[in-house]
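Open the structure in your viewer and follow the selections below in order.

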Amino acid sequence: MDWRHFRENVLYRVLHAAILACIGLFIPFLGISVVTWKDLLVLFVVLALFAGANLLPARGKGLCLLFSVLCLGVLTAVTGLQELRVFLQDNLQLVQTAVVTAAAFFVQIPLERFKFLKYCLAFVCADGMLYCLLAQISLTHMGVVFALFYVVVVYVEWLQEHWKKKRSGSLKGQMLWLSPFLGVYLLLMAIMPAPEKPYDWQWAKDIYAQVKEVFLEVSQNIMRGGHEDFDMALSGFSDDVELGSGVRENDRTVMRIQSQNTLATNVYLIGKIYDTFDGRQWQQEYHGGEKERLLDTMETLYAVRRLDDSYQRDYLKETIIKIKYEYFNTGYVFAPLKVKSITGSGSALNYSFEGGELLLKKRKGYGTKYDVVYYQLNLGEESFVQLLEARKEPDEALWEAIAKEYEGRIGQKITPETVDAHRQMIYENYLDEVLLSEEVERYLSEITKDAETDLERLQAIERELNSYTYTRTPGELPGKVTNAGEFLDYFLLESRQGYCTYFATAFVLLARAEGIPARYAQGFCVPMEGSREAAVLSNMAHAWPEVYIDDVGWIPFEPTPGYERLRYTSWRASQRDVLPSQSVGEAWDEEVGETPVHTEEEREAEEGSADRESEDESSVERLWRVSAFYMPIILAVLALVLVLGNLLGLYRYRRMSPTERLKLEVRRNLRMLSWLGLKKEEQETLQELRERGMLMLGLKTLCFIEIYEDVVYGGKRVREEMLEEVRKERQQFWRLIRKEKKWKYAFYRIRMFLVRYW
């Protein structure tokens, strides 16, 4: 075999296979931790053996394979299977090196034949390094060097192929002549020191995060279609709450909450507030109350400062949370009860107050962000019970100071008359008369017989309802239930089971029967105690009652079984003298059991354990998670490149002269003949190719070659009929390919589509 053939068919293949093998060895995905000189020696020996076998004819290659199998069989027979297994285990890394090298050599063979696969592999190398960069997966220095080197080599080869110039020799020969320069480039990259700490590419990550957010925001808002995403599937949340047969499980992420500091209590986000119940469903009839939520916050803050201004943090703790809407669309602003201010994050949040709830002017979806400043309530602490039962003389100076602070937010002057009107509105709209049957009256009297104050009666009702059974499938309400009293008859005396809507409804009705204003609230109950960030899932949707306490404001209760510990989370009050009254939390401890108190060290240990579990997430899971978003973008970019490339090619084609178009069409036909096994030899003329093709393929003529020679050598002018004849003959070639190479037909179609303008 001559030297030229050796260079173009053996040396070229060996060098490329060596690059691929080094990528496989130095990137630590195959279990090879450290590449030693022994591994490099094995790589060289294996490639040398394959290069020698590649010089042999087909019969010689078969004999070499047979000889190798015989040698392996003799070695196994002499040493024994067990000894051979032990030897392979002791030299497992060298065996892996040999396997990787052999695989690289065999992979290189189809890459030479199908260049599109080579381009895809180079793209995978580049994309893989980018993914590892974004996913913070560590790669070895030499692994990155060889992967990047392969991308450069493929690009240089593509550039040489498409660079219109006169060249001597084939493309493989040109690449081998360039190999010394590429080798210098490889050496420089190899000796270039790598920093101990990888560059974080924060700017690229920020761009990626922004692009991802924009993509998700646009796609989610289109998919949601602008409709309200809350219905009975979300624990009874709907515009008109009707008690049904049950609710469905749904764990879609609808929001995310983030706090600047660790929250002491869990978060209850109010979405909708109702005032009227007809026996089967709640409705909202009251729509007034401008800035009602802020007035309520003022009243509570005034009550706390009036009672004990020096220890305000024993009752209220101001905090800020950031809320971001994700996979849902809504017309409500969700916020905790004692709101101080709400501001849009990055853009104005256009909302209004209506009946104690916050309504957006236009429904919002994915990407909506806003900050909420509010007061956490220390509901489970004994000192808070004192606040609810305390009665003190008015303090006009204190009220004026608080009013002055809030007048800018409310947009009007807050006077005692304003507060009186606010209180009168509450009694008019949230204290509907509830007619109780004699049986329910006796039942209510029995459970509240030891209570002396309104608060104690409310606590007694709450404890009683907490003893009922929670179920998501309580069954349909009987047809006899047509008003509030009949609902209480059925729920308290017969059913005694249901989900949050049932318990919140019963509590509100019983509180009103005791002459205490109460309302029905719906939103989300989010476990946040001891954390700074949480995902709000759709199955966290919840309903609960709120009761108006004179001179204090709206106070939430939790009658739903299993939720009491979520509602009454608290923080430790100051060590000082308190009234010997029993707290809400202590009352529960008697009923349910003592709540464990975690020390700060235990809480930090639990948080550290959770962090370690998160860090132990496998790379495979990480790959799938990132790929779920990353791969569609890659495919979209590829599609865009193909579209732009074809548009550019079409533009160039239309600007070509008729002769240039003919040459392009002839090149397409010659490419198809090569797929049929008829490839033009280097010294062969077109006429000789035509005669050989007619004989090989059984065709009567290859007219496109005749047309081409008439134009090039005969000086004929190219007409449109000639181009149509060349294209028509190409259809004949497609029929031959479909007949003789049907398994490759689709691949050839795609390949021709991708390079039809080259």
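On a 1 Å grid over the protein atoms alone, a cavity is a set of points where a 1.4 Å probe fits but cannot get out, and its lining residues have an atom within 4 Å of a point. The model is predicted, so local features need pLDDT of at least 70 and side-chain atom pairs pLDDT 80 or more, while totals for chains, interfaces and linings use all residues. Residues are numbered from 1 along each chain as its sequence is written, and side-chain values use heavy atoms, without hydrogens or water.

Start with Thr265, Asn266, Tyr268, Leu377 and Arg567: of the 19 residues lining the largest cavity, these lie nearest its centre. This cavity holds about 210 Å³ (the space filled by probe spheres set on grid points, which are joined across faces, edges and corners).

Next, colour strand 3 (267-274), strand 11 (369-377), strand 16 (541-549) and helix 18 (564-567), each of which gives the lining at least two residues. Helices (H or I, at least four residues) and strands (E, at least two) are DSSP runs, numbered from the N terminus. Strand 11 supplies the largest share, 4 residues.

Now move to the open sheet, where 4 strands run in the order 3-14-16-17 with antiparallel pairing (two strands pair if DSSP finds at least two bridges between them). Strand 3 and strand 17 (553-556) are the edge strands, each pairing on one side only. Select Glu546 and you will find Pro556 of strand 17 opposite; 4 bridges join strand 16 to strand 17.

Finally, show helix 17 (residues 500-513), which packs on the sheet and touches strand 14 (518-526) and strand 16 (contact means heavy atoms within 4.5 Å).

Definitions and conventions. On a 1 Å grid over the protein atoms alone, a cavity is a set of points where a 1.4 Å probe fits but cannot get out, and a pocket is an open set with protein on both sides within 12 Å along at least five of seven lines; lining residues have an atom within 4 Å of a point. Axes are lines fitted to C-alpha atoms, for helices over the stretch in contact, and angles run from 0 to 180 degrees between N-to-C directions.
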